Amino acid sequence: MQTIRSVLFDLGGVLLDIDFKLTEKAFEQLGVTNFHQFFNQFHSNDLFKKLETGMEDELFYRDFRSATGLQLSNEQIRDAWNALLLDFRTESIAILPQLRNKYQLYLLSNTNEIHLQEFQRRYNVLSPQSSFDELFDAAYYSHRIGHRKPNASAFEFVLEKHGLLAAETLFIDDSLNNIEAAQALGLQTIHLLPGMKVEELGLM
């Protein structure tokens, strides 16, 4: 592996455990029997792509009701959507301050304001004196920057913002599509497969 000066992390499946089937099950219980066609680990339809690139929550709730034909409340949709969020990987989180002594650390996550509010709330329960974003030199969320992985523009946004060289940046993600997109731009990559943990990658 070449010299690494900065590490770019994904969030879900890397620092935060997620289970897409829990959200699918929660929506099924609300009568949405085809949720996997809307969103899963490998696919997002146009509505969810819009949500992850800045669509307002109220518009999302309205359009989701329209797409499903179900009169669900905002709270029902929110809670089912949040069901996929599990626990932070505390051992992985714990190593970040040590890694930050050696590298510049950045976060690039495909997410949305509904999930962001929930996982930041959960992090504040774990660490009331600090915010999740403070673990990184900068944290970028797709719905706030208007770019989502695996689009090249998402990676380029971070690289250009901080003057990072792709060849000296390590990208860690659990999605092969995102890994391949990063490799095409010249980033070093680690595809974090099930069972692999950040703290076991030998970055120290």
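Mentor: Valine 7 is buried, with a relative accessible area of 1%. Bear in mind that this is a predicted model.

Trainee: Why is valine 7 called buried?

Mentor: The cut-off for buried is under 20% relative accessible area. Valine 7 comes out at 1%, so the word applies.

Trainee: Where does valine 7 sit, and what does it touch?

Mentor: Its place is in strand β1. Leaving out residues up to four places away in sequence, valine 7 touches Tyr103, Gln104, Leu105, Tyr106, Leu170 and Ile172.

Trainee: What makes β1 and β8 a pair?

Mentor: Pairing takes at least two bridges between the strands. β1 and β8 have four, in the parallel sense, so they pass that test. Valine 7 stands opposite leucine 170 in β8.

Trainee: And how do you know that β1 pairs with β6?

Mentor: Four bridges again, and the two strands run parallel. Here valine 7 stands opposite leucine 105.

Trainee: What makes β8 largely enclosed?

Mentor: Five of the five residues in strand β8 (residues 169-173) are buried, so the rest of the structure largely encloses it. Both faces are covered: Thr169, Phe171 and Asp173 lie on one side, with Leu170 and Ile172 on the other.

Trainee: Why do you say β6 is mostly covered?

Mentor: In strand β6 (residues 104-109), five of the six residues are buried.

Trainee: Which strands follow on from β8 and β6?

Mentor: β8 is joined by four bridges to strand β9 (residues 188-191), running parallel, and phenylalanine 171 has threonine 189 as its bridge partner there. β6 pairs with strand β7 (residues 138-141), also parallel and over four bridges, with tyrosine 106 opposite alanine 138.

Trainee: Which elements make right-handed β-α-β units?

Mentor: β6, α7 and β7 make one such unit. β8, helix α10 (residues 176-184) and β9 also make a right-handed one.

Trainee: How are α5 and α7 packed?

Mentor: Two packed helices are described by the angle between their axes and the distance between the axes. For helix α5 (residues 74-82) and helix α7 (residues 113-126), that's about 65 degrees and 10 Å. The crossing is right-handed.

Trainee: What makes up their contact?

Mentor: Arg78, Trp81 and Asn82 in α5 meet Ile114, His115, Glu118 and Arg122 in α7. By class, that contact has two nonpolar, two polar and three charged residues.

Notes. Residues are numbered from 1 along each chain as its sequence is written. This is a predicted model: local features need pLDDT of at least 70, side-chain atom pairs count only at pLDDT 80 or more; totals for chains, interfaces and linings use all residues. Side-chain values use heavy atoms; hydrogens and water are left out. Axes are lines fitted to C-alpha atoms, for helices over the stretch in contact, and angles run from 0 to 180 degrees between N-to-C directions. A crossing is left-handed if the near helix is turned anticlockwise from the far one by less than a right angle, and right-handed if clockwise. Contact means heavy atoms within 4.5 Å. Ala, Val, Leu, Ile, Met, Phe, Trp, Tyr, Cys and Pro count as nonpolar, Asp, Glu, Lys and Arg as charged, and the others, Gly among them, as polar. Buried means under 20% relative accessible area, exposed over 50%, partly exposed in between (1.4 Å probe, protein chains only). A crossover is right-handed if, with the strands pointing away from the viewer, the path from the first strand over the helix to the second runs clockwise.
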